[in-house]
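Open the structure in your viewer and keep the selection tool at hand.

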Amino acid sequence: AESPTGGRSGALSPGPTVTGEVQKIDVNPPKGTRDFPPEDMRLRNWLFNNFKEVSRLYGFEEIDFPVLESEALFTRKAGEEIKDQLYCFEDRGNRRVALRPELTPSLARLVIQKGKSISLPLKWFTVGQCWRYERMTRGRRREHYQWNMDIIGVPGVMAEAELISSIVTLFKRIGITESDVGFKVSSRKVLQEVLKCYSIPDNMFGKVCVIIDKIEKIPVDEIKKELNAVGLSQEAIEELLLVLSVKSLTELEERLGGSGEAIADLKQLFSLAEKFGYSKWLQFDASVVRGLAYYTGIVFEGFDREGKLRAICGGGRYDHLFSTFGADDIPACGFGFGDAVIVELLREKGLLPELSLQVDNIVCALDEELQGYAAMAANILREKGQSVDLVLESKPLKWVFKRAARTNAERLVLVGNSEWQRGVVGVKVLSTGEQYEVKLDDLK
Ligand SMILES: CC(=O)Nc1cnc2ccccc2c1
């Protein structure tokens, strides 16, 4: 790297400048963010490739959109934490923008943008980085990656059943079973039916759900206070909390009566779970509401049965998100699956995969003037689809063997003078120690 005064210098320590010492930069990533050096990147790719393979198995199409969005996409007025922690700012064009805290609003924006030109149902997925800005306190991460799968245009709970099935498939692929995790399932229509009895206006629904989602995070008195503050009567609050503590569908039916949509949806979902073969993974839990204001129906979250970790994934139906963006409503449901909790779970269960760097060949010239021939050998191997780590400077053989061991190279290909004269190269199979010479063209 050229230092400002043209002297040679290492990559990180620019030489002295004309005006004096240059301040050494901070080599750590910004607060709350992570780097992915090779080893971490191998684990991330392993996880994301599983996400993508499951999406393919379910016939979903991959989409993407900018990490930067108009702030307006996320300014819902339901007291959500995701809005309080929005990573937003004014750009140089004085536009209010935000680093997306979730992916669903972008997906809805794209669906609306595509409008009539797309035929429903849509099955779209993406894996994207999401951001939040928390005051320096909690030292929590400010970014994570989420796998999202969404089905747009299917009103029936077959869509939710299909989505949960895809998550079960993911879990099985990475070695997680129903003894490790489960899904808590409920429907926000339960809350809706209760609130309707107390003539709570619809626009309060999202707010009430966001408050109730905190039921296991803050004291119940605080919940009552917040519910009271948004206008719920004492009686409504008591009834609500009672319904949320219901432990079974049967009990719920007794309480709500068997005619409501909530019961019908949940019964159908549990019977479909039977057919999909993942009944053992599901349990009804009336207290599950999820913290996003736009859910309107079935909601679910994946949890670890030891109860040590935060929700692994979560999702549900959001039939009115599109109208909040000024478009006609389209029935929709989806889920988000983060990249953090699942890794903690795999670590706990000793299921983290051993992913080592692997290269098929290390190719090395035995002396300087043979570099070009080493490049030719590398070229031939690469054209055959073989990976080659080409030694780019003249190095002692000891160094080459050390590197071959570190990179788990399959073979060492040595380009030597006398061999080259005879049109061959030396090959050493590192796992067996077998050595042989071979014509360049016969290298395979
Ligand atoms: C465990 C974890 O990293 N959670 C996390 C980290 N970053 C986020 C960023 C935006 C929204 C949710 C987020 C959640």
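**Stop one: D319**

Select D319, which touches T296, D329, I330, P331 and A332, leaving aside residues up to four places away in sequence; contact means heavy atoms within 4.5 Å. This is a predicted model: local features need pLDDT of at least 70, side-chain atom pairs count only at pLDDT 80 or more, and totals for chains, interfaces and linings use all residues. Residues are numbered from 1 along each chain as its sequence is written, and side-chain values use heavy atoms, with hydrogens and water left out.

D319 sits in the loop between β10 (313-317) and α11 (321-324). Helices (H or I, at least four residues) and strands (E, at least two) are DSSP runs, numbered from the N terminus. Is D319 buried or exposed? D319 counts as buried because its relative accessibility is 18%, and buried means under 20% relative accessible area (1.4 Å probe, protein chains only). Now show the backbone nitrogen of A332: the D319 side chain reaches that atom at 3.0 Å.

**Stop two: the ligand**

Select the ligand. Around it are P101, C130, W131, R132, R141, R142, E143, H144, R310 and A340, each with a heavy atom within 4 Å of it. A polar side-chain atom of R141 lies 3.4 Å from a ligand oxygen. A polar backbone atom of E143 is 3.4 Å from a ligand nitrogen.

**Stop three: helix α8**

Select residues 234-244, helix α8. Its buried residues are A236, I237, L240, L241, V243 and L244. They lie on the same side of α8, because they cover an arc of only 160° around the axis.

Definitions and conventions. Buried < 20%, exposed > 50% of the residue type's maximum accessible area, 1.4 Å probe, protein only. Arc of directions from axis to C-beta. Polar contact = N/O pair within 3.5 Å; in protein donor to acceptor, adjacent residues only side chain to side chain.
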